[in-house]
Amino acid sequence: KANRTFHPENTVINVGSQTIGGNKLAIIAGPCSVESREQIIGIAQDVKAAGAGFLRGGAFKPRSSPYSFQGMQAEGLELLKQAKQATGLPIVTEIMSISQLEQYHEDIDVIQIGARNMQNFDLLKAAGQLTKPILLKRGLSATIEELLMSAEYILAGGNENVILCERGIRTFETYTRNTLDLSAVLAIKKLSHLPVIVDPSHAAGLWWMVESLSKAAVAVGADGVIIEVHQDPSNAKCDGQQSIKPERFAALMNSLREIARID
Ligand code: PEP
Ligand code: MN
């Protein structure tokens, strides 16, 4: 079902008044994690003013250490809803389990399944029972074929609204957090009709690379980008070193406007 051979035309996913996979670039921006009402509403207003079409923000966080901040959970999701109410931006947020999916899917506009859950097949099957768009991130060490097969689990259940995300993979290189595999965008576009976006923030892990990698992603044909933005990166509860400030995000939007269509 993900295969372009049997579905030649590109899939375009509608999310409110926004689209992902159409001829307009999808721009998803916001903090790694929701931290407070002021924080998420402030960032939502800033990224909206700069031209973002979607608000990201983690409420349920898949942290490597159980002692790290785990996200504000249900309260974080409530704050995301308030930020959506304040700005009109649809919400993109991660869920980590079937029980969270069942409990919260109605509150979320685009449900993110993170890299660490890309092969959580029971979760993928449950996502296949919904009609909500699913943003499926590539696993840390997953091949393109494995990513497409994971998408297939969701599609097979009847949910055709799947967006794929290249977010960097593990290689021997340690300078960057992960290695951004831009050729994956080209490969997936050749093999599949599904929209593909790029996450330069988690790929590089370094804020100063985010603008250039975003431009590169758009230049190779990505349908959008998902970018971490924080007002005060050095005090962020999560992923501050890869988060850009709102002013820099606005500048990045201007450079993307030069190479792609954004209204
Ligand atoms: C995230 O988007 O905040 C995240 C945890 O991403 P990934 O699953 O790609 O690591
Ligand atoms: Mn993050």
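Analyst: A residue is buried if 20 or more other C-beta atoms, placed from the backbone, lie within 10 Å of its own. Strands are DSSP E runs of at least two residues, helices H or I runs of at least four, numbered from the N terminus. This is a predicted model, where local features need pLDDT of at least 70, side-chain atom pairs count only at pLDDT 80 or more, and totals for chains, interfaces and linings use all residues. Residues are numbered from 1 along each chain as written, and ligands are numbered from 1 in the order written.

User: Why is strand β10 largely enclosed by the rest of the structure?

Analyst: Five of the five residues in β10 (residues 224-228) are buried, so the strand is largely enclosed. Gly224, Ile226 and Glu228 cover one side, Val225 and Ile227 the other, and all are buried.

User: Which strands pair with β10?

Analyst: Two strands pair if DSSP finds at least two bridges between them. β3 (residues 26-30) runs parallel to β10, with five bridges, and Ala26 stands opposite Gly224. β9 (residues 196-198) is also parallel to β10, joined by two bridges; there, Ile197 has Gly224 as its bridge partner.

User: Which residues are around ligand 1?

Analyst: Count a residue as near if its C-beta atom, placed from the backbone, lies within 6 Å of the molecule. Around ligand 1 you'll find, among them, Cys32, Arg116, Lys137, Arg167, Asp199 and His202.

Terms used. A residue is buried if 20 or more other C-beta atoms lie within 10 Å of its own, exposed if 12 or fewer, and partly exposed in between; C-beta atoms are placed from the backbone.
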